[in-house]
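Here are my notes on this model, point by point. Please read them with the structure open.

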Amino acid sequence: MYVSELDLRDFRSWPSLHLELEPGVTVFAGRNGHGKTNIVEAVYYTSVLSSHRVSTDGPLVRGGASNARISATTVNEGRALTTHLLLKASGANQAQINRTRLKSPRELAGVLRTVMFSPEDLRLVNGEPAERRRFLDALAALRVRRLGGVKADYDKVLRQRNALLKRSNMVLRRGYEDPQGASALSTLDVWDGQLASLGAQLTAGRMRLVGELAPHVTESYHSVAPESRPAHIRYSSTLDAAVRTLNDGPSEDPAILEAAMLSELGRRRSEELDRGTTLVGPHRDDLVLSLGEQPAKGYASHGETWSYALALHLAEYRLLAADGADPVLILDDVFAELDAKRRQRLVRVAEDAEQVLITAAVGDDLPGNLDDAVSARYAVTMEEGESHIERSGQ
């Protein structure tokens, strides 16, 4: 799998950009802030429908523009598909494949698969649970398109339920005996049912993914840092205790998870009314990362944290490659952050990938053995706030 063409309009610092790419290693070099990362960010966005740097789409639209456009042609086993994304600073985005308009951008999932390494990866280990949930959900949606839709629907119901808990908090407290209270509580019951159904599907999907990912993470971490303690991952859910009560042990069965979530929503309703927010569900779960008997967060050294972040993405790469075509490998300014050993490990992965896109501030950041494999180099510069690019030879 590789990207053969990339077109941008009003994306970040690029008023327009047209690139013809090829398999192999492509390097984008330039000073920080000149726009090289924006190129690979656009490729990554096409794959997972989100940025690795910001949580909303507004910053992706160039200042003064009302929308941005990303068009990418992906070649997979000889078949070419061109995807188009129209990103709006406000409002719903639009998408199409070739000339066919799609009902939702989520339908693009799976056309392009990517694995990205970036300086932001440290947040996977020492950041908040939301970072690790985002990692799981992006990977799950790439592998099972339906889960991307489930996640989007869950988020929508969650927003509506939270709005009801905040907006009608005093009315909800009146109870079923009061007509207005009964009406509000009936609406809350409806949201509970929908949230439990979608939450159970999302939780089950994440659990299955973690089960497949776990051995790859342990193996990848050992290969990157063999002298360190063994790495293990597990999924921690707000439903764990309720599932054990219902099932006499853990379960990935969506029906059991749904029943457990309904039970927990009922048990904690009074607390949710006090706090005005939803306290149960996959939006509060976590991917627990351990080194030996200790959690990685707070106990891992800087080197161990980088090793863990690399291991997570190496495991992701192996899982996607095992599903079929190799994903496009994106290395965004990471070689400068890594020591020689970790650079070598990344190079070994890059040697197996059909296409590798690399950003670097200076050529010296690239390992010598990868430098010899580069098939295309581009120099990225900036003038008067706009990015420019020029191919600089092999």
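1. The end C-alpha atoms of residues 2–360 lie 20 Å apart. Keep in mind throughout that the model is predicted.

2. A second record item concerns a run of residues within the chain. The UniProt annotation "binding site", again from an unreviewed entry, covers Gly30, Arg31, Asn32, Gly33, His34, Gly35, Lys36 and Thr37. Glycine 33 sits in the loop between β3 and α1 (36–48). Histidine 34 is found in the loop between β3 and α1 as well.

3. Are glycine 33 and histidine 34 buried or exposed? Glycine 33 has a relative accessible area of 60%, so it is exposed, the cut-off being over 50%. Histidine 34 counts as buried because its relative accessibility is 16%, and buried means under 20%.

4. What does histidine 34 touch, leaving aside its neighbours within four places in sequence? Its contacts are Ser13, Val380, Thr381, Met382 and Ser387. Of these, Val380, Thr381 and Met382 fall in the range of strand β14 (residues 374–383).

5. Next, helix α6. It covers residues 179–224, 46 residues in total. From first C-alpha to last it reaches 63 Å, close to the 68 Å expected at 1.5 Å a residue. There is a kink of about 35° at leucine 213.

6. The N-terminal end of α6 is capped by aspartate 178. One of the side-chain oxygens of aspartate 178 lies 3.0 Å from the backbone nitrogen of glutamine 180.

7. How many aromatic pairs does the structure hold? There are two. Phenylalanine 28 and tyrosine 378 form a stacked pair, with 5.5 Å centre to centre and 20° between the planes. This pair links distant parts of the chain: phenylalanine 28 is in strand β3 (residues 24–29) and tyrosine 378 in strand β14 (residues 374–383), 350 residues apart. Phenylalanine 28 and tyrosine 378 are both buried.

8. Tyrosine 221 and tyrosine 308 form an aromatic pair that is tilted. The ring centres are 5.4 Å apart, and the planes make an angle of 45°. Why is this pair called tilted? Planes under 30 degrees apart would count as stacked and over 60 as edge-to-face, so an angle between those limits is tilted. Here too distant parts of the chain are linked: tyrosine 221 belongs to helix α6 and tyrosine 308 to helix α10 (residues 302–323), 87 residues apart.

9. Both of these tyrosines pass the burial test. Tyrosine 221 has 1% relative accessibility and therefore counts as buried. Tyrosine 308 is buried too, with a relative accessible area of 0%.

10. Last, glutamine 294, in strand β11 (residues 294–295). At 32% relative accessibility, glutamine 294 counts as partly exposed. Leaving aside neighbours within four places in sequence, it is in contact with Arg229, Leu289 and Tyr299. A polar contact of 2.7 Å joins its side chain to that of arginine 229. Lysine 166, by contrast, is 128 residues from glutamine 294 along the chain, and their C-alpha atoms are separated by 38 Å.

How values were computed. Residues numbered from 1 in each chain as written. Predicted model: local features only at pLDDT ≥ 70, side-chain atom pairs only at ≥ 80, totals over all residues. Heavy atoms only, no water. Helix = DSSP H or I, 4+ residues; strand = E, 2+ residues; numbered from the N terminus. Expected span 1.5 Å × (residues − 1). Bend = angle between axes of the 7 residues up to and from the residue. Polar contact = N/O pair within 3.5 Å; in protein donor to acceptor, adjacent residues only side chain to side chain. Phe/Tyr/Trp six-rings, centres within 6.5 Å; stacked < 30°, edge-to-face > 60°. Buried < 20%, exposed > 50% of the residue type's maximum accessible area, 1.4 Å probe, protein only. UniProt positions renumbered as here; feature names shortened; annotations may be inferred. Contact = heavy atoms within 4.5 Å.
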